[in-house]
Amino acid sequence: MARFLRTLGSGAVLRTIFALAFVLPVAACGQRTFPLPDRASEAPAVTEEAVHFASGKMTLAGTLVLPVGPGPHPAVVLFHGSGPQERDMFMARWFAEQGVAALAYDKRGVGGSSGDSRAVPFMELCDDGLAGIEYLKSRNEINEKRIGVWGLSQGGWLGPLAASRSSGVSFVIAVSGPGVSPGEQMIVYYANELRTEGVAEHDVREANTLRRDIWHYLSGGTHSDAEYEKAKAELEKARAKRWYIKVKAQQDDLFGSLQTPAELSKPQHRNVNWYQHEMNYDPVATLRAVRQPALFLFGDKDQLIPVAESVAAIRRVLAEDKNHDFAIREFPNDDHGMRLTTSESYGEIDPEYLKTMREWLAAHLQNAPGSP
């Protein structure tokens with residue numbers, strides 16, 4: 001799977017939040033989504049059970065959080081952001097307090113789960129969430145017709161992907177999920193990082209163009225000598241640019257040694273998953289295939305993804321087919337992790353975000369198949 005980045009806000013802070021949530025074609029620093037506090041509310045009406053379930057040859061470890069009271073309950077499987085994520089107990093408990101059972105699990109190779117999430121394109125991690133749905137169907141406490149998915153950041157790609165692949169998914173909540181490819185999302189990341197470092201907008205656009213051209217060469221199917229020479233010449237020309245030093249310091253190592261066509265033809269070449277599989281993943285094609293009710297939530301202060309472009313992509317899908325049951329909400333002053341950025345409430349999870357999910361769930365689960 002793709003790897004990570006660094007930091008948001010001022011130079012150091014900006015990189016950390018960026019690194020915490022998204023894919024990168026290089027080795028990473030911080031590798032967790034912008035974390036939610038690991039605590040339940042003051043009087044949680046939930047029960048928790050450690051569980052294990054199979055996903056292919058792997059065994060995934062997690063926690064099933066159940067509402068108190070008679071079932072069968074609706075349920076949700078929680079998809080991770082990028083990086084070595086453990087189970088998200090805050091969101092699992094929050095869902096259970098709303099009457100929705102939640103399955104939170106450790107990502108492949110993390111905590112009690114076997115496997116290695118870095119060894120596969122991130123899209124394959126969708127299989128783990130679908131395996132979680134199959135596990136939930138085996139539980140008497142769960143209403144198998146009312147199992148949905150929730151995902152933040154990279155999970156905002158994976159949740160809709162799971163719904164597009166399985167009718168066993170009954171609803172989708174995607175939080176800060178980009179409506180653009182991972183490659184374009186990372187262009188946004190690097191551009192915002194440069195802006196934070198004080199690079200002029202014209203220079204940011206030049207750097208974006210160079211990065212797209214180099215990545216296009218690295219991800220292309222032909223990798224011809226002519227393409228290699230063109231990309232190499234562009235890199236050499238950029239050394240004279242005033243923004244060169246700033247871009248050289250960024251984590252994709254754009255000014256490192258450019259791989260030759262012979263090197264790129266080897267299946268084990270550096271970052272093969274990113275350049276050949278992940279970078280050009282099309283979330284819009286996935287959205288067109290989603291037939292389940294879906295809620296898409298964004299913060300207007302998100303610096304990791306292009307929010308306007310993501311909202312526009314969802315609206316285009318809606319315009320193409322009015323039968324989609326999609327709802328979109330953009331929250332003022334919220335960042336990528338749906339935390340408030342205002343001085344009075346800085347760092348707090350936006351209560352309006354939680355309220356919106358609560359109300360949407362109540363409306364859709366009430367009318368869902370299998371509801372009482």
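In which hand, left-handed or right-handed, does α6 pass α7 in their crossing?

A: In this predicted model, α6 passes α7 in a left-handed crossing. Helix α6 comprises residues 201-219 and helix α7 residues 225-238; their axes come within 10 Å and cross at roughly 155°. An angle over 145° counts as roughly antiparallel, and α6 and α7 are therefore roughly antiparallel to each other. On the α6 side, the contact is made by Leu210, Asp213, Ile214 and Tyr217. Helix α7 contributes Glu227, Tyr228, Ala231, Glu234, Leu235 and Ala238. By class, the residues of this contact of α6 with α7 are seven nonpolar, three charged and no polar.

Helix α6 also packs against α5 (residues 182-196), at an angle of about 150° and with the axes 10 Å apart. Here α5 passes α6 in a right-handed crossing, whereas the crossing of α6 with α7 is left-handed. From α5, the contact involves Gly183, Glu184, Met186, Ile187, Tyr190, Ala191, Leu194 and Arg195. From α6, it involves Glu201, Val204, Ala207, Asn208, Arg211, Arg212 and Trp215. The contact of α5 with α6 divides into eight nonpolar, two polar and five charged residues.

A further helix pair is formed by α2 (residues 89-97) and α13 (residues 351-366), whose axes come within 11 Å and cross at roughly 45°. The crossing of α2 past α13 is right-handed. Met91, Trp94 and Phe95 of α2 meet Tyr353, Leu354, Met357, Arg358 and Leu361 of α13 in this contact. Seven of the residues in the contact of α2 with α13 are nonpolar and one is charged, with no polar residue.

The lining of the second largest cavity divides into nine nonpolar and five polar residues, with no charged residue.

Two points of the backbone complete the account. Most residues other than glycine have a negative phi, and most peptide bonds are trans. Against that background, the peptide bond from Gly71 to Pro72 is cis, with omega near 0°. Pro72 is placed in the loop between β2 (58-67) and β3 (73-79). Asp253, although not a glycine, has a positive phi of about 55°. The loop that holds Asp253 runs between α8 (244-248) and α9 (261-264).

Methods. Residues are numbered from 1 along each chain as its sequence is written. This is a predicted model: local features need pLDDT of at least 70, side-chain atom pairs count only at pLDDT 80 or more; totals for chains, interfaces and linings use all residues. Side-chain values use heavy atoms; hydrogens and water are left out. Axes are lines fitted to C-alpha atoms, for helices over the stretch in contact, and angles run from 0 to 180 degrees between N-to-C directions. Helices (H or I, at least four residues) and strands (E, at least two) are DSSP runs, numbered from the N terminus. Angles under 35 degrees count as roughly parallel, over 145 as roughly antiparallel, 65 to 115 as roughly perpendicular and the rest as oblique. A crossing is left-handed if the near helix is turned anticlockwise from the far one by less than a right angle, and right-handed if clockwise. Contact means heavy atoms within 4.5 Å. Ala, Val, Leu, Ile, Met, Phe, Trp, Tyr, Cys and Pro count as nonpolar, Asp, Glu, Lys and Arg as charged, and the others, Gly among them, as polar.
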